[in-house]
Amino acid sequence: MAPRTDALTREVVDLIATVVARYHEEYEEAAAKHALTGAQAKVLALLARESLPMRRIAQLLKCEPSNITGIVDRLEARGLVERRPDPDDRRIKLAAATPAGLDTAGRLSESLDFAREPLAALSAEERGVLRDLLRRMLEPGA
């Protein structure tokens, strides 16, 4: 039988769930303001950081590669993304943000206000502790 979870752990889990739900809600709203779906916005945000093969995008977003193909097709039709040959292996196509895509991704990121105000209320030391704790939670075997 699995050990019972203590009240503090349950409360922390509930708070994390609330933060995640609020983030997703705001992310969807911000994406819609840029005429994007949440999935399109997430792909564009990834591609604003670096060009990636579609299989890797699917792995990062934990979805099927065929879904990514459709998302990239729609972003490409809007001029936000383009497909390029991988310089290391020309058989592989990379999806890359265009200048318009980089601009849109930047505006989208700037419009995400959730957590900015609450985080601003924390001291730099408190934000550092929070960051370190979140990183520890995400480390394998932590």
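Residues are numbered from 1 along each chain as its sequence is written, and side-chain values use heavy atoms, with hydrogens and water left out. Because the model is predicted, local features need pLDDT of at least 70 and side-chain atom pairs count only at pLDDT 80 or more, while totals for chains, interfaces and linings use all residues.

Rolling a probe the size of a water molecule over the atoms shows where empty space is left. On a 1 Å grid over the protein atoms alone, a pocket is an open set of points where a 1.4 Å probe fits, with protein on both sides within 12 Å along at least five of seven lines; its lining residues have an atom within 4 Å of a point. Grid points are joined across faces, edges and corners, and a volume is the space filled by probe spheres set on the points.

The largest pocket holds about 810 Å³ of space. It is lined by 19 residues, of which I16, V19, F114, L130 and L134 are the closest to its centre. Two or more lining residues come from each of α1 (7-33), α6 (116-120) and α7 (124-138); helices here are DSSP runs (H or I, at least four residues) and strands are runs of E (at least two), numbered from the N terminus. Helix α1 gives the largest share, nine residues. The lining comprises 16 nonpolar, two polar and one charged residues, where Ala, Val, Leu, Ile, Met, Phe, Trp, Tyr, Cys and Pro count as nonpolar, Asp, Glu, Lys and Arg as charged, and the others, Gly among them, as polar.

The second largest pocket has a volume of about 180 Å³. Y23, H24, Y27, K42, A45, L46 and R49 line it, and α2 supplies the largest share, four residues. Four of the lining residues are nonpolar, one is polar and two are charged.

Helix α4 (residues 65-77) has 13 residues and should therefore span 18 Å at 1.5 Å a residue, which agrees with the 18 Å between its end C-alpha atoms; the expected span is 1.5 Å times one less than the number of residues. Its buried residues (under 20% relative accessible area, 1.4 Å probe, protein chains only) are I68, G70, I71, V72 and L75. They pack against α2, α3 (54-61), β2 (81-86) and β3 (89-97). After α4 comes G79, with a positive phi near 80 degrees.

Helix α5 (residues 99-110) contains T104, which counts as buried because its relative accessibility is 7%. Beyond its neighbours within four places in sequence, T104 is in contact (heavy atoms within 4.5 Å) with H34, L36, L44 and L80.

Terms used: Buried < 20%, exposed > 50% of the residue type's maximum accessible area, 1.4 Å probe, protein only.
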